[in-house]
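Subject: Structure handover

Hello,

Please find the structure below. My notes on it follow.

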Amino acid sequence: MDPPLVNDSSFSPANPSSYTLSEIWPFPVNDAVRSGLRLAVNSTPSDKDVSTAAAAAAAAEESTVTDLTAGWGGRKARALNSEEDESSKMVSLSSSGNEVKDSGEKKRKLCGSESGNGDGSMKPEGETSSGGGSKATEQKNKPEPPKDYIHVRARRGQATDRHSLAERARREKISEKMTALQDIIPGCNKIIGKALVLDEIINYIQSLQRQVEFLSMKLEVVNSGPSTGPTIGVFPTGDLGTLPIDLHRNIYEQQEANESRGSHPEWLHMQVADNLLHDSSSNLETLIFCSQTLRSKVQRDFEELPPGAFQKLRESLTTLLKKFHKGPPKVRTQISIAVAALAVHVPAADWGDSGIVSWLRDEMNMHPEYVPGFLELLTVLPEETFNYKIAARPDRRRQFENELTSQMEAALSILTACLNITELKEQVLEAFASWLRLRHGIPGAVLACHPLVHAALSSLNSDPLSEASVNVISELIHYTASPSSGGISAQTPLIQVIVPQILSLKAHLRDSSKDEEDVKAIGRLFADVGDSYVELIATGSDESMVIVHALLEVTSHPEFDIASMTFNFWHSLQLTLTKRDSYSSLGSEASIEAERNRRQHIFRPAYESLVSLVGFRVQYPEDYQGLSYEDLKEFKQTRYAGTLLILTECFILPAVADVLIDAALILGGDTTLKILYMKLLEANAQTGNNFQEWRPAEAILFCIWAISNYVSAVEAEVMPQVMALLQNLPQQAQLLQTACLLVGAYSKWLNAAPASVSILPSIIRILMSGMGTSEDCAAAAALAFRHICDDCRKNLCGYFEDLYTIYCMAINGGGGYKVSAEDSLNLVEALGMVVTELPLDQARSALEKLCFSVASPLEEAAKEDLDKKHARELTVHIDRFAFLFRYVNHPEAVAAEINKHWAIFRVIFDARPWDMRTMESLCRACKYAVRTSGRYIINTIGEMLAKIQFHYQQHHQPCFLYLSSEVIKIFGSDPSCADYLKNLIESLFAHTTCLMTSIKEVTARPDIADDCFLLASRCLRYCPHLFIPSPIFSPIVDCAIIGMTVQHREACHSILTFLSDVFDLEKSVNEEQFVRIRDSVMIPRGATITRILISSLAGALPSSRLDTVTYTLLALTRTYGSQAVGWAKESVSLIPRTAVTETESAKFLQALSDVTYGADVNSLIGHAEELSDVCRRNRTVQELVQAALKPLELNLVAPVS
């Protein structure tokens, strides 16, 4: 017999000693480095794949889930510490290509959203949602709006608002197509819930594919003759000629499978796939398909195998792994993943005494000729630890991770032995990188002298091995910083080895002969070093500054993909330098402040260089006018911020504006402004002092805009000169647009400037010029106009007539202005803020003037046939009413205007109650009138509610419910309003419960469900004395029970929140009589509610609702204690033990029981997640659990008539 390829041990432990910080980076710090940077630039394009194995798997349609993001460290999620009105001046992106989009406050002001409603609910302010109910019969005699009325651009910030018209139109189209699909798919129209419908459609299409593929495989078998290879031997072959018919019957008619689970057609597919893989005449396409089939079946349906099938399945897969040890790579990868998935499913003892790694070592010793295939398996093993496509129980998954961790040294010894085979060196390094992701705590002193580490370091300059080496070094960097491996202090010897090697690559960044991909890989290593060791670097030692200068070198690279790798480091360093927690060990405040100042002083030169380096990144390209939509979008993402999709990984990539903010937080906004102003002067001088070449100047102005929140309002050196320069800019659209943005961003500075009154007229002229240049520029100017009127309102009080003239010209299109109806709302808001600052008498007059200009077009339209008007012709004016009522903070004046113009509101209510869009706009205006006027509107509120009550019964507009909830917030506790509020509540709820008597009806009307239960929650909080004793309370609870499993996210959230509020009633109501009524309603229904909640955890609702469902269950348990635990026990007992074991059930029930005695809530959340994972581990188990719990078949009380 050949000597063993692998021994039990390949290295001996060593005891690490203590090291000082300077010893971690033992390299010289020369004077050139200390004195500054001489930065050179180079060029590279895109990144390589992180893992060869992952790339091969991805190419084969589906692959292992590899936790690549763990190697990138914590990604940045910025939260600016500025006031809301300041953050509103920042710019977001939109699909329209308009740069001037208000990312925060503007979004809320246009759609009326709030961060909260005062009652704990989250509710965007546009008052409707998704594709409401079926109203064909009740609307057939009503005039239809123009067919194209849904084809509108969503307001800024409303593209994903569930109450926006554009979002509703999109969802209505989806619903129509879903209905069409349901009609095509046999039996699909009997299924409720979009998620379940989609599942059924997917299953149907996949089954059709399987039938075609199976027939193709069968034909391949017939053409190839009988297979001579081994078979799994656990599935009866049967008469394959009848299989497609059997498949159709089992899948679509839902008949019971044969008693022998192995005879299920799905597993017959596996048998045929196994035969074809063993057949030497199968072509590549057949091999890839069959390997994917095997892999998928092992991952997802291993539990369906008959007992004792493991050995034969392992033998077959091992034979295939040997057969394809030289390729094709896609097939070998899929088979390796299948073997790894098998290892996740079965305990280590089934592989021998020491688990799969020892089994793999023995196989390699016995069959050294098949080492490449076994190395592929060794590579994917740790990756499959985190692959949740594998339908393994959570306990077993944790056991597998522990098993691999305990066998890590054995795995490394195998890889060390394989290093001697030159052809396998790249594969060995990739496998080593994969095992490092387990973060097992091997001492740094051991790894520092390990042959695998030295092989990776020595191969960094080797073209064939550089990619694999970079992957290893990157994983080593993150390994040294991982707490599970002991952290930096325990890994100091390893850091001493790898950091100098990385720094020696700095020269390659400027080497034009280097391959572009290699340069990017080197940049990645420097970024990893910065991200992982940022706390050490922040100490400011001479050694750490070498790292900082190297990272500045990467930042200076002309390719944005390379330079941006360092942006996260600069943010992390800024946080470390500025946050107090970084200095907590120093004790006294004086020591903390002294150390903070010392460190920030050290890093000031680096951040000054950073400002100069990143400014040119935001410059418009020369050919910007010829850019495609996608290229222009990418450029704007580079300037601003956001989530970028980089290859197959999605993470937060800080944009240039964020990096400038980081610099401003270290240097101070005023200092950063001075640096940028000098750049602006340089740009002006280089282009002939007249900004003839506008792009460099525009880029610097953009940078000045980006740091506006950090520049002092009393800055007197630079900003006056910047404002003077703005007046001499050429009339170029992009340049003027950025100038308008900048003016708006510095509105607080304008207000505080000593010469504010003299500066404002020239600034207003700039904005007027912007309004007449282009639509995008006009949008920026209108936004700036709003900010200036907000912050400078006191200085502008005397100029209301002039501002009103500008407003009239803008909304009427006079003077060549290009302000859209949407952006004109900024102007309305601006004037509303100025009116607020006026004395009451002057405010009355000014508001009357504004409202008259808004009402006149509506009154003209009312003289004609309102039914035939396009909705947009009305809502553009109604929305202006809404903004005036919202931003003019004079309650008496607003109440007077709503009373005066109620007649036109009444006419529109009566003429177009069928038009959802017009009703939303009208209800929004009424809502703001009620909010601002408060009790001054008491004379109008009665008729307003009467209109709502009457029209809701006929047209079921959800916005009527939401407007009612706003009225409840204001008047719910007012005794004088009790009678008509009680009638309103009972009427609306009684009609709603008649509309939603089944889950199908709730699904068809998600907007009504959403707003109905928001109203119910507010009734509990603001007028429980009207709601709880009423006869409608019990039916509305039954309606909530019916809709608990609705798939619509917002409707489901509102329903579960309402039930939680009912259970938590004691938190808001102290009246014992209300609690007794609550208990009389909820206790008889407690078992039903609990059972539906358990089924929701187990798969009736998407896993994204897990937190909401768990909290509702928690509220129920805290209220009813052991009784609720008994309900839960009864529900869980219905789940078959093949799906959830007794132990798993007991853990969840114990956690639920512990909560009743004050245990940590997080314990329940963890056990609820684990129960959910167990029940959702594959489709078969999920269907089994839902069939046992039957959440849609529970008996419910009939609704009120």
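Helix 14 (residues 356-366) and helix 17 (residues 408-418) have axes that come within 9 Å and cross at roughly 25°. Angles under 35 degrees count as roughly parallel, so helix 14 is roughly parallel to helix 17. Their crossing is left-handed. On the helix 14 side the contact is made by Val357, Arg361 and Met364, and on the helix 17 side by Ala410, Ala411, Ile414 and Cys418. Sorted by class, this contact of helix 14 with helix 17 has 6 nonpolar residues, no polar ones and 1 charged residue.

Please keep in mind that this is a predicted model.

As for the whole protein chain, there are 60 helices and 4 strands in it. Of its 1201 residues, 58% are buried. Among contacts in the chain with a separation of 6 or more, 76% are between residues 24 or more positions apart.

The second pair involves helix 35 (residues 733-745). At 1.5 Å a residue, its 13 residues should span 18 Å, and the end C-alpha atoms are 18 Å apart, so the two values agree. Helix 35 is mostly covered, with 12 of its 13 residues buried. The buried residues of helix 35 include Gln734, Leu735, Thr738 and Ala745.

The partner is helix 38 (residues 775-791), and the axes of helix 35 and helix 38 come within 8 Å, crossing at roughly 15°. That angle makes helix 35 roughly parallel to helix 38. Here, too, the crossing is described by its hand: helix 35 passes helix 38 in a left-handed crossing. From helix 35, the residues Ala733, Leu736, Gln737, Cys740, Leu741, Val743 and Gly744 meet Asp776, Cys777, Ala780, Ala781, Ala784, His787 and Ile788 of helix 38. By class, the contact of helix 35 with helix 38 has 10 nonpolar, 3 polar and 1 charged residues.

The last item is a loop residue. Ser1103 sits in the loop between helix 56 (1086-1100) and helix 57 (1106-1132). Ser1103 and Asp1173 are 70 residues apart in sequence, and their C-alpha atoms are 8.9 Å apart in space.

Regards

How values were computed. Residues numbered from 1 in each chain as written. Predicted model: local features only at pLDDT ≥ 70, side-chain atom pairs only at ≥ 80, totals over all residues. Heavy atoms only, no water. Axes fitted to C-alpha atoms, helices over the stretch in contact; angles between N-to-C directions. Helix = DSSP H or I, 4+ residues; strand = E, 2+ residues; numbered from the N terminus. Parallel < 35°, antiparallel > 145°, perpendicular 65-115°, else oblique. Left-handed = near helix turned anticlockwise from the far one by under 90°. Contact = heavy atoms within 4.5 Å. Nonpolar A, V, L, I, M, F, W, Y, C, P; charged D, E, K, R; others polar. Expected span 1.5 Å × (residues − 1). Buried < 20%, exposed > 50% of the residue type's maximum accessible area, 1.4 Å probe, protein only.
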